[in-house]
Amino acid sequence: MDQARVVVIGGGITGVSVAYHLADAGWTDVLLVEKAGLTAGATSQAAGLVTAFNPSSTMLAWRRYSIELYRRLGVFSTVGSVRLASSPAQLKELERTASRARGVGLDVGVISPAEARRLLPAISPDNLYGAVHLPGDGFLDPHSATFALAAAARELGVRIRQSTRVTGFELGPRREIRRVLVDGGEPIDTELVVNAAGLWAPRVAEMLGLFVPSTPVDHQHVALKAVPGHELPNDMPAFRDPDNLVYGKAEHGGMLFGGYEGEPRARWLEGVPWDHAARSLPPDWDRFQPLMEGAIRRFRFLADAEAVRLVCHPDAMTPDSNPLIGPMPGVRGFWMAAGLSLNGFGGGGGIGRAVARWIVDGDPGVDIAPYRAWRFADTYREP
């Protein structure tokens, strides 16, 4: 019989972050179980862009801390980012968010179109109303970042067991967690479980009769070859253009960009297959076309760019696009850190620290109300 003070389920950035921060807070008897290998879920397909900018003061704090953590691990490229306003309405939105961000201590202001073009000489001046420059933003490699954090967790005493799928739980008389059952291994005695299983989190919660409204929604990004005469420098700031629905960064002289589709496709409404792992899904160029057009509006020369590949990967989305965090009513000792809704690497460090603090000290250190795991009523059971 194996045992651990805490069992963390899921070897993506969120699970690894929770395990690391629990050990960092002194709870070193932590076992992380992962059904395939580390980063085998949505983490493996992430674009890896990280910005601190967010309208929520809690998420902004989490994102700032995440960047700090990745820097400390030596896995973060600080190229900065420029968020563009391609309409007067977006400029107003940037001004509002920048004002809120300053209120919680982020040094940020709105810059002129000319200043935006100085930072990003490759952009078209058309419909450019201003921007926000965040010099501390940047990007990381999802694999390197997750493995570096896992190595730091192991150094603090965390055990990581891969190719170990959770198949069920045993509860005590007061519906408290007693034991985690795994495929082909000894059961694990524990009193506390953190469900950080990402796309599979609803299936893990279902084993206890709990409902988690998180749906896999396709998200696509493309790698484009360098266009001769328009090679982009590797230290170019990352960009975000919400009106044109795209975000991206320079890569090998070309560009990696993704975006938000108007009619994204949800899949696996009955639950993500257990055998799905680090593979991407067949891409949909027709659905991606409006994003390609948006990118070309902002970077004219991309009309001549050749695609290396279009990657389609689902991410776990909740009804309000906010993560699900904290203890679940109905089962004592069962916690959630899932439904990241494309906040994975941005939120991962901060969310891991908040969950660990909440478990260890009883206080997550930030206002958790908009993210509590039990906020959705039964209305949301209909996929």
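In this predicted model, Thr39 lies in the loop that runs between strand 3 (30-33) and strand 4 (49-50). Leaving aside residues up to four places away in sequence, Thr39 is in contact with Gly11, Ser44, Pro142, His143, Thr146 and Phe147.

Strand 3, at one end of that loop, also has a place in an open sheet of 6 strands. Reading across this sheet, the order is 10-3-2-14-21-20, and the pairing is mixed. Which strands stand at the edges? These are strand 10 (159-161) and strand 20 (324-327). Each has a single partner strand, so one side of each is left without a neighbour in the sheet. From one strand to the next, the twist averages 20°.

The pairing of strand 1 with strand 13 (residues 188-189) is parallel and spans 2 bridges. Within this pairing, Gln3 stands opposite Asp189 of strand 13.

The helices come next. Two packed helices are described by the angle between their axes and the distance between the axes. For helix 1 (residues 13-24) and helix 8 (residues 344-361), the angle is about 40° and the axes are 8 Å apart. Helix 1 and helix 8 are therefore oblique to each other, and helix 1 passes helix 8 in a right-handed crossing. Which residues of helix 1 meet helix 8? On the helix 1 side they are Ile13, Thr14, Ser17, Val18, His21 and Leu22. Facing them, helix 8 contributes Gly344, Phe345, Gly348, Gly349, Ile351, Gly352, Arg353, Val355, Ala356, Ile359 and Val360. Sorted by class, the contact of helix 1 with helix 8 holds 9 nonpolar, 7 polar and 1 charged residues.

Key. Residues are numbered from 1 along each chain as its sequence is written. This is a predicted model: local features need pLDDT of at least 70, side-chain atom pairs count only at pLDDT 80 or more; totals for chains, interfaces and linings use all residues. Side-chain values use heavy atoms; hydrogens and water are left out. Two strands pair if DSSP finds at least two bridges between them. Helices (H or I, at least four residues) and strands (E, at least two) are DSSP runs, numbered from the N terminus. Axes are lines fitted to C-alpha atoms, for helices over the stretch in contact, and angles run from 0 to 180 degrees between N-to-C directions. Contact means heavy atoms within 4.5 Å. Angles under 35 degrees count as roughly parallel, over 145 as roughly antiparallel, 65 to 115 as roughly perpendicular and the rest as oblique. A crossing is left-handed if the near helix is turned anticlockwise from the far one by less than a right angle, and right-handed if clockwise. Ala, Val, Leu, Ile, Met, Phe, Trp, Tyr, Cys and Pro count as nonpolar, Asp, Glu, Lys and Arg as charged, and the others, Gly among them, as polar.
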